[in-house]
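Hi,

Here is the structure I promised to pass on. Have a look at it, and then read my notes below.

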Amino acid sequence: MSTEAFEPELMDYSRRQPRLPEPVIEGNDALDIPLDERMEMYRLQQELRQFEKRAYDLFMQNLVKGTSHLSLGMEAVATGFGRALRPDDYSFATYRGHAHTLARGAPMGPVMAELLGRSNGILGGKGGSMHLASVEHGMMGSYAIIGAHLCIANGAGWSAQLRGTEQVAVVFFGDGTTNIGAFHEALNFAKIWELPVVFVCENNLYMEYTPIDLVTAVEHPAADRATAYGLEPILVDGNDADAVYDVAQGVIETARRGEGPSLVEAVTYRHGGHSRADPGKYRPPGEVEAWLDRDPIITYHQRLLRLGVPEGDLTRIAQDVARRVDEATEFAKAGPVPDEGDLMTDMWADGGSAWRN
Amino acid sequence: MSEMNMAQALNDALDTALAADDRVVILGEDVGRTGGVFRVTDGLQERYGATRVIDTPVAESGIVGAALGMAVAGLRPVAEIQFLGFAYPAVDQIISHVGRIRNRSNHRFTAPLVVRIPFGGGIGAAEHHSESSEAIFAHTPGIKVVVPATPADAKGLLLSAIADPDPVVFLEPIRVYRAIKEEVPAGQHTVPIGEAKVVREGSDVSLVSYGAVLRDAGRAADALADDGVSAEIIDLRTLSPLDHQAVIHSARKTGRVVVAVESHRTASIASEVAAIVQEGALYSLLAPVERVTGWDTVVPLKRTEHHYIPGPDRIVAAARRALEG
């Protein structure tokens, strides 16, 4: 009997053809977005960028324990959606959730302190980098096992619908999530119930260390699945905050009007590796460089100059953000480290962990 | 007060909760129009509408995930999973998120939700329809695990679970649903979570059990009484937090403990009770703690199910071993 074993091709991903970004759509300069809103989006992108660059530096100083996942290069997605949401809307994120948390208005100091695991962190040092949340800002948590939080966002959407509050839930996830069952369960639930939920796939082309196209049955991991759930395929340039904001406004209003969920695939790129431990060597030569040229903040900066904003105004914003990131860093570093007593709190409603009498 | 079986008592509890609190919603496969595979939610969708008694797809992560989202966004959901063996796709939600959202959010988010799940043998369909894997949930911090054994306790514990600020996995013994009737108090009847109950006082041996096996413990106690042996019966009622003091108190009193469960033996609630007894009552013991359990095998089909589930005979035999010390 012939036993021809299946041998998957051994592949050095870095020798594949690079996946290059589409050119900037200069026509997006003409999108109907007020200049003061654009200035806010510039500021927010600067915050997300400078905050995470500082977080990276703090890693290198061994001040952030454990691991962390940065979204450097992906700031336009969190920015466009963050700015389009109402303050009482809900958002859900993944372990790569620093940007989504800050984009809802969570203060930088306590968020930085949370990354450092300090008691003055936004979650008292209990959640850490991967579980950021801020109840006051509608940031309903970051979920570090992929898929589950899409289902959870549906529940928040149901609650809003039942209470008639016209709140919308936006849930962010990566390209890898589109291959887990909960993604499909969640889209089906949301559609049959016409929930006010917006599903946002941040397709950064890599599922951890593996090119997403090698492990996905379709070219566009989210958009190509949309029609299976009665949804319109929506692809957006995830490196253009204006494009994202424009799409976000549309789908959020659709949800708010009670006209059901949407699925958006924002194509973007993470400048660094998957996590602290990953140098990202699996990426072909020229790919990272090409995406660095499509850096969402540099290109947004250029747009604002084209629109007549003086360079000095943008410089002042960047400098102001730098000062605030410094302050956040000092706040975080000054925080105490949780002690053994903190380990035993907040398991139950009584604040304790005694689950035996 | 009226006489009800456990399915009716649970329906009465859900009806009471839905009427009393607009935040309470029920969701699960076939819970609405059909009234649930065991008819526990019968008639509730007609009374409260399809936005509060919600038929879902068969997608357990989706169901429990939605319940968690509802809970953190202000509702009091009661999810139903049809059988305990069907709950495993939702274990990611229950262990990774439901049980941890309070702690990881530094107490800012809470998950006041109930997941009702019929469990244990009885319909003879083997495996997924007959499992007794409650130890998985009892092992998980942040989740309360409740198992009623009687109709009145079922109502009182379920109303307590719905009102509880923490998440509760509520396991309903399939064999008991329609097996016994008793008087069940009307309206807001609650039984505290975390308190075991001495069902029968005795002095020679303690029979510790819960759920459907409790009835077999009762039959065993009757058989032992015929031989002049006085057995005390403890119904744990809550597996997490487990009522250590009730177990230890009874062990110190009788000096002999038989713990009877229908789950697999290894790392079971029976094992936990044995550990609690040796920690709290070692010097009162007159014999080793006896574990009467299902086997570390797959729960079988109908024809051999009775060999798997411990009946009164095995409980009596274990008690005799303890008495012979």
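R256(A) and E253(A) sit three residues apart, about one turn, in helix α8 (residues 241-256) of chain A; helices here are DSSP runs of H or I with at least four residues, strands are runs of E with at least two, and both are numbered from the N terminus. An α-helix has 3.6 residues a turn, so residues three or four places apart point the same way. The two side chains form a salt bridge at 3.5 Å, N to O, the term meaning a side-chain nitrogen of Lys or Arg within 4 Å of a carboxyl oxygen of Asp or Glu. R256(A) is buried at 12% relative accessible area, while E253(A) is partly exposed at 36% (buried is under 20%, exposed over 50%, partly exposed in between, with a 1.4 Å probe and protein chains only).

Some ground rules before the rest: this is a predicted model, where local features need pLDDT of at least 70 and side-chain atom pairs count only at pLDDT 80 or more, while totals for chains, interfaces and linings use all residues. Residues are numbered from 1 along each chain as its sequence is written, chains are lettered from A and ligands numbered from 1 in the order written, and side-chain values use heavy atoms, without hydrogens and water.

R294(A) is in the loop between α9 (287-293) and α10 (296-306) of chain A and D237(A) is in strand β7 (residues 234-237), so the pair ties together parts 57 residues apart in sequence. Both ends are tucked away: R294(A) is buried at 8%, and D237(A) is buried at 17%.

Chain B has a pair too, K253(B) with E232(B), at 2.5 Å, N to O. This one links helix α9 of chain B to strand β11 (residues 231-235), 21 residues apart. Here K253(B) is partly exposed at 37%, but E232(B) is buried at 2%.

Now, how do the two chains meet? Chain B gives 53 residues to the contact and chain A gives 39, contact being heavy atoms within 4.5 Å. About 3700 Å² is buried between them, 66% of it from carbon and sulfur atoms (buried area is the accessible area, 1.4 Å probe, that two parts lose on being put together, summed over both). On the chain B side, N103(B), R104(B) and F109(B) lose the most area to chain A, together 17% of what that side buries.

The rule finds one salt bridge across this interface: E136(A) with R108(B), at 2.9 Å, N to O.

Helix α4 (residues 91-98) of chain B is also worth a look. Six of its eight residues are buried, so the helix is largely enclosed by the rest of the structure. Among the buried ones are V91(B), I94(B) and H97(B). Their cover includes β2 (139-143) and α5 (148-163) of chain A, along with elements of chain B such as α3 (60-72) and β7 (168-173).

Last, a look at L214(A), which lies in the loop between β6 and α7 of chain A. L214(A) is partly exposed, with 35% relative accessibility. Leaving out residues up to four places away in sequence, L214(A) touches M11(A), Y13(A) and R16(A).

Cheers
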